[in-house]
Amino acid sequence: MEDSQHLDSVLPKRLHDVFYSRNVSATYGQDHDKHLTTPGSENGNKVDIDPAVYELQKHIESDPDLIQLFAQAFQEIPDEFLEIPQQDGHPRIRDHRSMIEAIDRAIKKGPPWNSSFRSQCVIGCPINEALIWLMNTRTGSKIFFRDDINAHFASILGVWTRYLSSTDSLSVIHDRDGGWLSKNALEELLHEVNGVYNAPCQASRFEEVFVCRPSLPSYGFKSWDDFFTRRFRSNLRPITSSADDSVVVNPCESQPLSVTTNVVAKSQFLLKETSHSLLDMLDNDPYAHQLVGGTVYQGWLSMLNYHRWHAPASGKVVKILQIRGTYFASNPSHGFENLDPLTRRPVPDRQAPDASQMLLGSIATRTVVLIQADRRDLGLLGFVAIGMSEVSSCVPTVKVGQHVEKGQDIGSFHFGGSSFCLLFGPGVKLHFSPVVETALESPAGIGARCIAVNSELARIW
């Protein structure tokens with residue numbers, strides 16, 4: 001496929017005024033309804049399917065166009081990728097019914113720990129892992145960009161959010177095999193903390209790093225979400241040059257992905273040449289125009305990282321945008337269409353949608369915090385928290401009109417790996433820290449080094 005081909009074939013009309021509108025049929029025939037698996041029924045292989053998942057199943061099976069799209073998407077997955085079972089031992093999904101079953105299984109339990117060093121699976125994101133090959137197909141991308149499908153996923157993820165915020169989810173917060181407090185899990189979590197650039201200290205125990213009570217069951221965490229959004233001990237990540245407003249600090253413990261300058265208001269999305277588009281990122285908010293021609297810094301957090309956000313500079317919160325978007329959409333040019341130049345075999349994104357993160361900044365569910373910096377030549381500063389896959393909750397803890405200090409906790413991601421962007425206006429002369437340049441020389445991914453939160457990210461000239 002030509003690199004110059006637009007992503008019009010996958011981007012929804014609501015997001016970019018191109019391509020795809022819903023064409024949902026009212027019915028697929030009464031005879032088909034008898035094959036539906038209903039909550040609490042004994043029909044089929046699944047009993048007590050969650051109502052939100054059942055609504056997705058009904059929606060698919062009442063629309064012949066959707067059924068055809070799913071059938072086509074599964075046909076686009078090469079057989080060799082379906083032969084290896086999922087990490088949980090279940091077979092790979094091969095049709096929309098097995099997809100429904102996999103989603104239903106996932107939202108009824110907490111995500112078990114798996115070693116990031118010994119596994120290629122998407123750690124801690126079981127729905128993402130089940131959908132991984134579907135996300136790498138062109139037709140699958142069309143499906144996951146649809147407004148109606150994303151509305152159903154929003155409901156399903158809401159159910160899982162409530163479970164992961166309950167005490168039932170502590171079933172995976174223990175020190176046995178598969179637990180997030182097991183010896184190997186704690187070693188890997190500490191490795192992430194101690195291996196960062198600009199880390200001022202080296203810890204030997206989990207409880208030295210994070211606020212917890214090891215003498216209590218589950219270390220005192222109240223739920224999986226409480227564990228996931230755990231806080232650093234005070235002074236573990238001191239604020240670099242707290243009194244120097246020329247220093248912008250890293251808002252998240254994260255790996256650098258990209259630095260883009262002269263960012264445009266509206267960008268065409270080209271295969272393999274996706275660029276940032278400020279109006280799309282900010283959902284056409286008028287503040288976007290103040291940032292046109294400026295710089296976008298993007299970073300990425302893995303499942304194992306600290307997932308709270310901190311203010312990159314001192315200033316006043318002038319606006320907060322909470323934008324509904326996609327959950328499992330990705331750029332198909334990074335999927336099975338991506339071929340090894342020598343073997344011509346598919347090289348899909350095994351951690352999808354990781355290879356599509358620049359695109360996700362404009363299409364995924366996200367929260368934007370706009371700060372008018374105290375320093376006049378820094379001006380308007382934007383922080384965009386990007387939900388990836390299961391990470392649908394990007395929750396700010398600040399309010400419009402509130403003054404924030406550099407390094408202050410301003411919110412958190414929930415339930416998985418995440419990405420973010422920092423937006424700087426035109427005329428802001430930035431000199432990024434040498435560790436940013438060093439980190440950008442290597443691809444981001446599980447095991448790569450992060451830059452410590454609250455440490456120097458850039459200086460203003």
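**Strands, rings and cysteines**

Lys 316 has His 403 as its bridge partner in strand E9. This is a predicted model, and everything that follows should be read with that in mind. The contact belongs to a pairing in which strand E5 (residues 315-323) and strand E9 (residues 403-404) run antiparallel and are joined by two bridges. Lys 316 also has a bridge partner in strand E6, namely Gln 372. The pairing of E5 with strand E6 (residues 366-373) is likewise antiparallel, and eight bridges hold these two strands together.

A further set of strands can be followed from here. Three strands make up an open sheet, arranged in the order E4-E10-E8 with antiparallel pairing. Strand E4 (308-310) and strand E8 (393-396) are the edge strands, and because each has a single partner strand, one side of each is left without a neighbour in the sheet. From one strand to the next, the twist averages 20 degrees. Within this sheet, E8 and strand E10 (residues 409-414) are paired in the antiparallel sense over four bridges, and Val 395 stands opposite Ser 412 in E10. As a general point, the strands of a sheet pair through backbone hydrogen bonds, in either a parallel or an antiparallel manner.

The aromatic residues come next. Over the whole structure, a search finds 21 aromatic pairs. One of them joins Trp 180 and Trp 224, whose ring centres are 5.2 Å apart and whose planes stand at 55 degrees, so the pair is classed as tilted. This pair links distant parts of the chain, since Trp 180 lies in the loop between helix H8 (147-164) and helix H9 (183-194), while Trp 224 belongs to helix H11 (residues 224-228), 44 residues apart.

Because Trp 180 lies in the loop between H8 and H9 and Phe 227 in helix H11, the pair ties together parts that are 47 residues apart in sequence. Phe 227 is buried as well, with a relative accessible area of 1%.

These residues belong to one aromatic cluster, whose members include Trp 180, Phe 206, Phe 210, Tyr 219, Phe 221, Trp 224, Phe 227 and Tyr 306.

The cysteines remain to be considered. How many disulfides are counted? The count comes to zero. For Cys 394, the closest cysteine sulfur is that of Cys 252, at 10.0 Å, which is too far for a bond, given that a disulfide requires sulfur atoms within 2.5 Å. Cys 394 is buried, with a relative accessibility of 5%, and Cys 450 is buried too, its relative accessible area being 2%.

Definitions and conventions
Residues numbered from 1 in each chain as written. Predicted model: local features only at pLDDT ≥ 70, side-chain atom pairs only at ≥ 80, totals over all residues. Heavy atoms only, no water. Phe/Tyr/Trp six-rings, centres within 6.5 Å; stacked < 30°, edge-to-face > 60°. Buried < 20%, exposed > 50% of the residue type's maximum accessible area, 1.4 Å probe, protein only. Pairing = 2+ DSSP bridges. Axes fitted to C-alpha atoms, helices over the stretch in contact; angles between N-to-C directions.
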